Amino acid sequence: MSLTDAELISAVRLGSEGAFEEMFRAYYARLSHYAQSMLKDQDEAEEAVQTMFLNIWEKRDTFEVSISLKSYLYRAVHNFCLNRIKHLQVREAHREYTVYAHAESADSLNEILNGHELELQIERAVGKLPGQCRLIFRMSRFEELKYQEIAEKLGLSVKTVENQIGKALKILRAELAEYLPALIWLFYSWEDGASLFYQTVVHGRFFTLL
């Protein structure tokens, strides 16, 4: 028998993997379709929904819903997609500027290719960060959230967020040592001093739609 929204929320808050999986299966396809209507990319859409569910599970002790569960989940996905769109627009604008600025340079093609290689190296390096450290780093760098906002979303202290960012930067400096001259923006352009996640995981279990 399916649980009501209130029962489902309560069970998830108490750590019920079964309730979480029921919620995941009930809303995943619809939320992915909605996210795709905003992002125009299936992989991006699925990542957005998976990240949203991961955040719910990781913060299940404080999982509270004051509106309908459906509205809550759609709003969460909507906000994530807006942040993602903003990031993609900034990245595309930077890329277009780079192409334009070096259009007359004999080395422009090599520079563009090197930029693509650098982007791949950054993704690999970020992927090597410990779980919570990686999540906090992405929220700060790619979602452009302030330390206080990250702390509130994850239920952590601002000091813990600061420590995790410091840890991330230390690891990334080591991993990307040969690229440091081109990475001033990565290490020093933080406001306040300032997933990738592809499957929803609970204690090592992967929930996928059959």
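These legends describe close-up views of one predicted model. Residues are numbered from 1 along each chain as its sequence is written, and side-chain values use heavy atoms, with hydrogens and water left out. Local features need pLDDT of at least 70 and side-chain atom pairs count only at pLDDT 80 or more, while totals for chains, interfaces and linings use all residues.

**View 1. Confidence along the chain.** The pLDDT (the predictor's confidence in each residue, from 0 to 100) averages 75 over the chain, and 69% of the residues score at least 70. Confidence is highest in helix H2 (residues 17–39), with a mean of 92, and lowest in strand E1 (residues 200–202), with a mean of 33. Helices (H or I, at least four residues) and strands (E, at least two) are DSSP runs, numbered from the N terminus. Over residues 188–210 the pLDDT is below 50, and this stretch has 58 contacts in the model beyond near neighbours in sequence. A contact means heavy atoms within 4.5 Å.

**View 2. The largest nonpolar core.** A nonpolar core is a set of buried Ala, Val, Leu, Ile, Met, Phe, Trp, Tyr and Cys residues joined through side-chain atoms within 4.5 Å. Buried means under 20% relative accessible area, exposed over 50%, and partly exposed in between (1.4 Å probe, protein chains only). The largest such core has 28 residues, and Met23, Leu31 and Phe53 are among those with the most contacts inside it. Helix H1 (5–13), H2, helix H3 (42–58) and helix H4 (69–101) each supply at least two of its residues. H2 gives the largest share, 10 residues.

**View 3. Leu31 and its neighbours.** Leaving aside residues up to four places away in sequence, Leu31 touches Val49, Met52, Phe53, Leu73, Tyr74 and Val77. A second, separate core of 21 residues includes Phe137, Ala151, Ile165 and Ala168.

**View 4. Helix H7 and its buried face.** In helix H7 (residues 147–154), the buried residues are Tyr147, Ile150, Ala151 and Leu154. Seen down the axis of H7, these residues fall within an arc of 100 degrees (taken from the directions from the helix axis to the C-beta atoms), so they line one face of the helix. An α-helix has 3.6 residues a turn, so residues three or four places apart point the same way. The buried residues of H7 pack against helix H6 (131–141) and helix H8 (158–175). Gly155 follows H7 and has a positive phi, near 70 degrees.

View 5. Cys81 is buried, with a relative accessible area of 0%. Cys133 is also buried, at 1%. A search of the whole structure finds zero disulfides, a disulfide being a pair of cysteine sulfur atoms within 2.5 Å.
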